[in-house]
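Hi,

Here is the structure I promised to pass on. Have a look first, and my notes follow below.

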Amino acid sequence: MTQRIVVKVGSNVLTRSDGKLDVTRMSALVDQIALLRKEGYEIILVSSGAMASGRGELKVDHDLDSVEQRQLFSAVGQGKLIGLYYDLFREYGIHVGQVLTMKENFNAGEQYRNQQACMTVMLGNNVLPIVNENDTVSITELMFTDNDELSGLIAMMMKADVLVLLSNIDGVYDGHPDVPTSKLIKRVEPGTDLSQYIKEEKSAFGRGGMHSKYTTAQKMQGEGIRVIIANGERENILVDLIHNRQDIPHTEFLPKCN
């Protein structure tokens, strides 16, 4: 049976220190996804990076508030982002399809079924779904908390076997990651409370952080979906997580057996 994997790539993985898109990192991830698909895995990609892509295109000579920045840079950047993915995956003969969504699409009803059917037919025809929030219209209460939440909802909707959350950190530590005595927590059984180790702080470029990843991972455990938090800046991280997971630093949340 084909294993279905949702891969979420965070803003801190795809964004350079100057706030612009890291095309080299993006290309490396595409290489890995292409290899996994060749090996028979089904992949759904939840990708940040639209704002970073748009920020690299525009020079704005006046002040914009946070909502205006989000709408402007995302509107310009989303086209560039999917265009880059299109070109990079085309080198492997892989077709991609863009899925822009909003939180209200995950309420039970016609929109939910339509979105599910769209991605199902894409996968059935060897098209790689690339999912992102529709940042141009998703504001305040319409927004996902972050793409961690979105990727979890996609994993549940599409009955994924594994959700991989790629950030710029190896996983959950029992202290601050920069403190030498802190240890990486490698396996998390269902029902384990790690809240004492999780700080509610956001990442440098995205809206998420380890708190949102932990919240998503806990929810996925209850749904029977395995969750892996790993460092997307590590070379060959996706392929290694599939083939040599025991040798790669990461935190794995084991699914609850229903």
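**What I found**

Lysine 213 and aspartate 148 are both buried, where buried means under 20% relative accessible area, exposed over 50%, and partly exposed in between (1.4 Å probe, protein chains only). Before I go on, this is a predicted model: local features need pLDDT of at least 70, side-chain atom pairs count only at pLDDT 80 or more, and totals for chains, interfaces and linings use all residues. Residues are numbered from 1 along each chain as its sequence is written, and side-chain values use heavy atoms, with hydrogens and water left out.

**Salt bridges**

Lysine 213 forms a salt bridge with aspartate 148, with the closest N and O atoms 3.2 Å apart; the term stands for a side-chain nitrogen of Lys or Arg within 4 Å of a carboxyl oxygen of Asp or Glu. The pair links distant parts of the chain, since lysine 213 is in helix α7 and aspartate 148 in helix α6, 65 residues apart. Helices (H or I, at least four residues) and strands (E, at least two) are DSSP runs, numbered from the N terminus.

The structure holds 10 salt bridges. Another one joins lysine 8 to aspartate 148, and here the closest N and O atoms are 2.9 Å apart. This pair also links distant parts of the chain: lysine 8 sits in strand β1 (residues 4-9) and aspartate 148 in helix α6 (residues 147-157), 140 residues apart. Lysine 8 counts as buried at 5% relative accessibility, and aspartate 148 does so at 1%.

Then there is glutamate 252, which forms a salt bridge with arginine 226, the closest N and O atoms being 2.4 Å apart. Glutamate 252 lies in strand β8 and arginine 226 in strand β7, so the pair ties together parts that are 26 residues apart in sequence. Glutamate 252 is buried, with a relative accessible area of 5%, while arginine 226 counts as partly exposed at 26%.

Which order do the strands take? The open sheet of 8 strands runs β3-β4-β2-β1-β5-β7-β8-β6, with mixed pairing. Its edge strands are β3 (95-101) and β6 (187-188), each pairing on one side only. For the record, two strands pair if DSSP finds at least two bridges between them.

At the β3 end, 7 bridges join β3 to strand β4 (residues 127-133), and the two run parallel. There, threonine 101 stands opposite glutamate 133 in β4.

Strand β7 deserves a look too. Since 5 of the 6 residues of β7 (residues 226-231) are buried, the strand is largely enclosed by the rest of the structure. With strand β5 (residues 162-167), β7 pairs in the parallel sense over 6 bridges, and valine 164 stands opposite isoleucine 228 in β7. With strand β8 (residues 251-253), β7 runs antiparallel, joined by 3 bridges; valine 227 stands opposite phenylalanine 253 in β8.

**Aromatic pairs**

The structure holds 3 aromatic pairs. Tyrosine 85 and phenylalanine 89 form one that is stacked, at 6.2 Å centre to centre and 25 degrees between the planes. The cut-offs: rings of Phe, Tyr and Trp (its six-membered ring) pair if their centres lie within 6.5 Å, and planes under 30 degrees apart count as stacked, over 60 as edge-to-face and the rest as tilted. Because they are 4 residues apart in helix α4 (residues 66-90), tyrosine 85 and phenylalanine 89 are separated by about one helical turn. Tyrosine 85 is buried, with a relative accessible area of 3%, and phenylalanine 89 counts as buried at 0%.

Tyrosine 214 and phenylalanine 253 make a tilted pair, at 6.2 Å centre to centre and 45 degrees between the planes. This pair links distant parts of the chain: tyrosine 214 in helix α7 (residues 210-222) and phenylalanine 253 in strand β8, 39 residues apart. Tyrosine 214 is buried, with a relative accessible area of 4%, and phenylalanine 253 counts as buried at 0%.

**On the outside**

Glutamate 235 is in the loop between β7 and α8 (237-243), and at 74% relative accessibility it counts as exposed.

Cheers
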